[in-house]
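Please keep the model in view while reading.

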Amino acid sequence: MAKKTIEGLTEKEAKKRLEQYGFNEIRDIGKTSLFTILLRQVKNNFIVYLLLFAMLVSFFVGKSVTAYVILVVILVVIATGFLQEYKAEKSIEKLKEMVMPVTIVFREGAEKEIPTRQLVPGDVISLRNGEKIPADCVILSEKNLLVNEAVLTGESDDIKKSATRNIKKASKENQLFAGSFIVDGKCTAKVVSTGMKTSFGKIAGMISTAEKQLPLQKKVNLISKYMALIAVVMDSLTGIIILFQSEVSEMDWVGLMTLIIAMCVSAFPEGFPVVLTTTLSAGSLRMARKNAIVNRMSIIETLGETTIICTDKTGTITKGEMTVKKIFLDNKTVDVTGVGYEGNGNFLKNKARIDPLKNKNMNLILKAAVQCNDSSIKRTGEDKIFQILGTPTEAALLVMASKADVYKEDFDPRIDEIPFSSERKMMSVLCKERGKKIVYTKGALEYILEKCTHIQKNNGVFRLLEKDKKKILKEKKKMASSAFRTLSFAYKETRDSGIKEDGFVFLGFVGMEDPPREGIKDALLKCKRAGIKIKMITGDDKETALSIAKQIGLNSGKIIEGYEIDNLSDKEFFRKIKNTVIFSRVKPEHKLRIVRALIEHGEIVTMTGDGVNDAPALKEAHIGVAMGKNGTDVSRSVADLTLKDDNFVTLVDAIKEGRTIFNNIRKFVTYQLSCNYSELMILFFGVLLIPFFGWPFPLLLALQILFMNIVTDNLPAITLGLNKSSEDIMDAKPRKDTNLLNKEFVKLLVFVGTLMTVFVLATFYFAFNYLGQSVEDARTTALLTLIILEVVGAFNFRSFRKTTLNRSPFVNLYLVIASAVSLIATVAIIYTPLNQVFETVPIPLIDWIIAIGFGFLLSLILDILKKVNYRAKFLKLN
């Protein structure tokens, strides 16, 4: 029976729980020790066991030189794998640091934003809707606080929490636990424990050394198993053939055994895990440098398959840097000057400057904007240039008020509040001013108007008539059609101790400018060429969405508003969604329905989101994308990708990089298998041809094969994984075939491997049978030829379409360096005392000419193949 932990979970249950609630990779919660990485290299590397067996046999029969060389090879294999995985671990740590979680803490009498890892017991922190709880805490004060503790309890229901009167006697109802989320309301709390001492830390600690296999790893491992099976069959056939050939009946049994093991080594692509790890981590770092942080390595493969991007408008397509430019009140429009988060600007009516504090209506709007606001601004040191703490929309309201020298600090604390929710689309606060209780509210215009019975005008308060509503909505539509986001305000005096959201007096609304980001048009064109459709999903109204779509060149197609989605059956919605480009006035639950409908259409969906209630849609999508700057902790925790700059252009670049990484993996898999195939065929046919040409057994020695496997195969293969994106990679439609190897790539690797086999056998025949060279000379020439062919092959595999002979070798500088290292090492084992270990001999110039000539011929044939295939398309190598 599995042993239960202090948290009541077994290790298996703990792992399942964390995966279920967003911690899909174990690296999210724990570092892997160096010892664990090293142990993994020994434990999971099949080739190490083969080589160990060969080494022990060599020691047993007295071939100590061979045994020691094999021991060196074993150490090289382990060290190479260890170094690459260690680098990958370091890369992951760097990625995690790029989106460092922060917490608002009260220190030195003020609110400060600090990295969450710097929290210590005793800190008092502020937590709001959508934030992940960073430590175990006791609640000091709260407002409408609801918490989701599913990661700890397994229960998805939200839990109501309350403040404690006595910290020492706090119950679970008064406590917050690390890893859970604020789903509504806000609170201040005192930190009790942090890190691995929290309840969440105890669960994470149970599985901090566990491994999670990526889908790509599974595919690579499957290929490796097939190759191992082929190797065993071919080895058995080779051994049987040798035993039945009279010419080698007195052969060295140790040599035969070592050769068979070496054939296994040559056929088994032991470099796959190393190259895969290197390619994924290098690709992730390249994406990170472009502000796309990969939260889960497994999605890199899926990125390149994306057929539809469902994107937010605000902050993703637009800059998300709001500036209030217009205020509509009392049937008049006031212009507001200034840009960004700078508090310098004027209020203009008919181009004439006015004092907003002398206008009662304007004064009330400024008060509402400041008090009905959860964000804050502080000076950066420069005059009236502010740094924001909170959302861009609310910060824009504070900056607007600062232009009239109205600040949050000028008012008493709120008495009560009802926080904003995406369902109500409004926020209300109860304040006290000069002995009177006043409720201020702000929100979406349609929702605010429904709650209003009166309207504030310059000469008093009047009943809100239908004609007033029509005038207001007409002006709002006019503003929205110019791409302004609108936010309206209302108020009422009350005697109640709480807030009732009805009977308000309408004040007016503001128009906020949020221009499209630079590069959006080009990014959309890239998507169009790449066969990726874009769907804009926004909480804003239809006119604002249409205006932005027009500015960025997005084909508007059909538009569906949120209320229409509610009224459509699943069948009707399924039919309409394909041709709909813009979804306006959307609620979070609509996003989930949109994603599900698109997936039913067979689309690969990438969805962006930043709010608490976006989490279900992000999790449902093939790739969930969260915002690094303005997103919530909840959305980031379930997302597969985080945009550090919240930029749509960055997302398109990430898709491009995802395509590149998958193509690179296909290249190194096809290349390495072609090398493994040729080495196996050379040894097999070398044995078959012994009776016909009087060739010695074996054609290539075991240590020579091991040398090629380590130096020639693996080094270039690793660098193929580092190829840069081709210029036209976004001109191809999303790939349908997700296999690393399909029939087309198998045909290619067999063709290339066969060419290399024929050229090496021809080299040995020419040197041994025609030139009459010694066995050692011919064998060394064959070895050199194969090494040069594999190096040349690597350069040809940089691209399945572009030719090699008329292209600069420095397109991939890493490959040039790896090839140089391979060739220098080859020269070393031929012309230095190392030749005694590898049983090679110095060879004359003619042998180099033969080897280089065949290398050139291979490149020429493959270039011709690429040109013919470009026209005939008999091999579909996308």
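The charged end of Lys-492 lies over the ring of Phe-504, 5.2 Å from the ring centre; a charge sits over a ring if NZ of Lys or CZ of Arg is within 6 Å of the ring centre and within 35 degrees of the ring normal. Arg-593 is placed over the face of Phe-573, 4.8 Å from the ring centre.

The model is predicted, and local features need pLDDT of at least 70, side-chain atom pairs count only at pLDDT 80 or more, and totals for chains, interfaces and linings use all residues. Residues are numbered from 1 along each chain as its sequence is written, and side-chain values use heavy atoms, with hydrogens and water left out.

Rings of Phe, Tyr and Trp (its six-membered ring) pair if their centres lie within 6.5 Å; planes under 30 degrees apart count as stacked, over 60 as edge-to-face and the rest as tilted. By this rule there are twelve aromatic pairs. Tyr-671 and Phe-797 form an edge-to-face pair, because their ring centres are 5.8 Å apart and their planes stand at 65 degrees. This pair joins distant parts of the chain, 126 residues apart: Tyr-671 belongs to helix 22 (residues 648-688), and Phe-797 to the loop between helix 26 (775-796) and helix 27 (813-831). Helices (H or I, at least four residues) are DSSP runs, numbered from the N terminus. Tyr-671 is buried at 1% relative accessibility, and Phe-797 is buried at 4%; buried means under 20% relative accessible area (1.4 Å probe, protein chains only).

Ring pairs also link Phe-693, Trp-695, Phe-764, Tyr-765 and Phe-768 into a cluster.

Methods
Helices (H or I, at least four residues) and strands (E, at least two) are DSSP runs, numbered from the N terminus. Buried means under 20% relative accessible area, exposed over 50%, partly exposed in between (1.4 Å probe, protein chains only).
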